[in-house]
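Let's take a walk through a structure together, one step at a time. Have a look at the picture first, and then read on.

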Protein chains: 2
Amino acid sequence: MKRDSRLSGVLHVLLHMAEAGTPMTSDALAKMMKTNPVVIRRVLAGLREHELVCSEKGHGGGWTLCRELQTITLHDIYLALNEPTLLAMGNRTEAPGCLVEEAVNSALNQAFQDAEALLLARFRTVTLAQLSSDFHQRMQARGFSGIHEHSIFSDNDTNSSEE
Amino acid sequence: MKRDSRLSGVLHVLLHMAEAGTPMTSDALAKMMKTNPVVIRRVLAGLREHELVCSEKGHGGGWTLCRELQTITLHDIYLALNEPTLLAMGNRTEAPGCLVEEAVNSALNQAFQDAEALLLARFRTVTLAQLSSDFHQRMQARGFSGIHEHSIFSDNDTNSSEE
DNA sequence: ATTTCACGAAACATTAATTGTTACGAGAAA
DNA sequence: TTTCTCGTAACAATTAATGTTTCGTGAAAT
């Protein structure tokens, strides 16, 4: 079964937005994520409803974070993504009339619920600020000199194009 | 994202096989699971490779459990299903060149790995014998009198058809 | 022997979910 | 008034999963 990478993708996007300081367009984000601008808008529209990001039209418009990094947890983002499925497995049917099915569901549900609870608990403990801090540490470790250079984020990002 | 219910389904099937005593045909199992006999064969073929079930052709043939219930854990079955994905979410890319991505992956992977480990640990502790025992307790609780009746397993199962 | 029953396996079809794309509208700045 | 950007709906493409058909093989019943 294929894994949903929207949470991972959104985190990537939000951290880049935090670094940018200025609004980032759907086009720019789409290129970073190697996807389509409309897909970016679709996902960020959900975050906007939860007031995690703001969008502005017109010249100089685009997407910005509208809350402090340290106030946004992974759980907030998970909620803003509309609580996507966490586990790839589930029971065949709920509301079974079959006693075998009931016994099976009961055993599996205990395991599934505990795993979900663990994940959500973790999500609550991680803030965007922590991820950002981790990112900056990695930059230090890679010998970033302190002021703007090419390829701050990656060897592939070409957003620091012609200057 | 849709959940994979093969584990749940296989458990259902195996417990019914355990109750039956005699070989069960793919057709009979398919009707129970409201699916196609070929689908049943596909799934059980994997279990056969791991020597959890045996199949026999011809009259009186079908599928039987070939190990004792108490020796089969959910983890054995999970392995026999070829270790299906446990979590519905994953990282956008591994092997990132982007430091933001690295920071994100690192944080998420910790949570994901812990949740997976929890699930697998649980799977190791549960045997088919326990599920079977749970099933029998549920039968008692429903007032099963002790000898064969109609609808042992469910109000829907029509395998105890004309007698 | 022949028929019937059952699995084995490959090829193909269908379905459902996700993702990508196009097109057009509306607001804001240059 | 032109350009930039998001908003939205409709549509297309892709992919994974599931279901179906068909024919082959072995085993038991007749």
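This is a predicted model: local features need pLDDT of at least 70, side-chain atom pairs count only at pLDDT 80 or more; totals for chains, interfaces and linings use all residues.

Let's zoom in on a few of them. Thr35(A) places a polar side-chain atom 2.8 Å from a phosphate oxygen of DNA strand C. With Ser26(B), a backbone N or O atom is found 2.6 Å from a phosphate oxygen of DNA strand C. Helix 3 of chain B gives the most, with four residues. Sorted by class, the surface near DNA strand C holds six nonpolar, 11 polar and seven charged residues.

Next, turn to the place where the two protein chains meet. Here 56 residues of chain A are in contact with 56 residues of chain B. The area buried between chain A and chain B is about 5300 Å², and carbon and sulfur atoms give 65% of that. On the chain A side, Met89(A), Arg92(A) and Leu99(A) lose the most area to chain B, together 14% of what that side buries.

Charges take part as well: eight salt bridges are counted between chain A and chain B. One of these pairs is Arg122(B) with Asp114(A), whose closest N and O atoms are 2.1 Å apart. Which helix supplies the largest share of the side of chain A that touches chain B? That is helix 5 of chain A, with 20 residues. By class, this side of chain A divides into 30 nonpolar, 13 polar and 13 charged residues.

Finally, visit one residue, Leu87(A), in the loop between helix 4 (74-80) and helix 5 (99-125) of chain A. Is Leu87(A) buried or exposed? Leu87(A) counts as buried because its relative accessibility is 2%, and the cut-off for buried is under 20%. Leaving aside residues up to four places away in sequence, Leu87(A) touches residues of chain A including Phe112(A) and Ala115(A), and residues of chain B including Leu86(B), Leu87(B) and Leu119(B).

Definitions and conventions:
Residues are numbered from 1 along each chain as its sequence is written. Chains are lettered from A and ligands numbered from 1 in the order in which they are written. Side-chain values use heavy atoms; hydrogens and water are left out. Helices (H or I, at least four residues) and strands (E, at least two) are DSSP runs, numbered from the N terminus. Buried means under 20% relative accessible area, exposed over 50%, partly exposed in between (1.4 Å probe, protein chains only). Contact means heavy atoms within 4.5 Å. A polar contact is a pair of N or O atoms within 3.5 Å; within protein, one must be able to donate a hydrogen and the other to accept it, and residues adjacent in sequence count only if both atoms are side-chain atoms. Ala, Val, Leu, Ile, Met, Phe, Trp, Tyr, Cys and Pro count as nonpolar, Asp, Glu, Lys and Arg as charged, and the others, Gly among them, as polar. Buried area is the accessible area (1.4 Å probe) that two parts lose on being put together, summed over both. A salt bridge is a side-chain nitrogen of Lys or Arg within 4 Å of a carboxyl oxygen of Asp or Glu.
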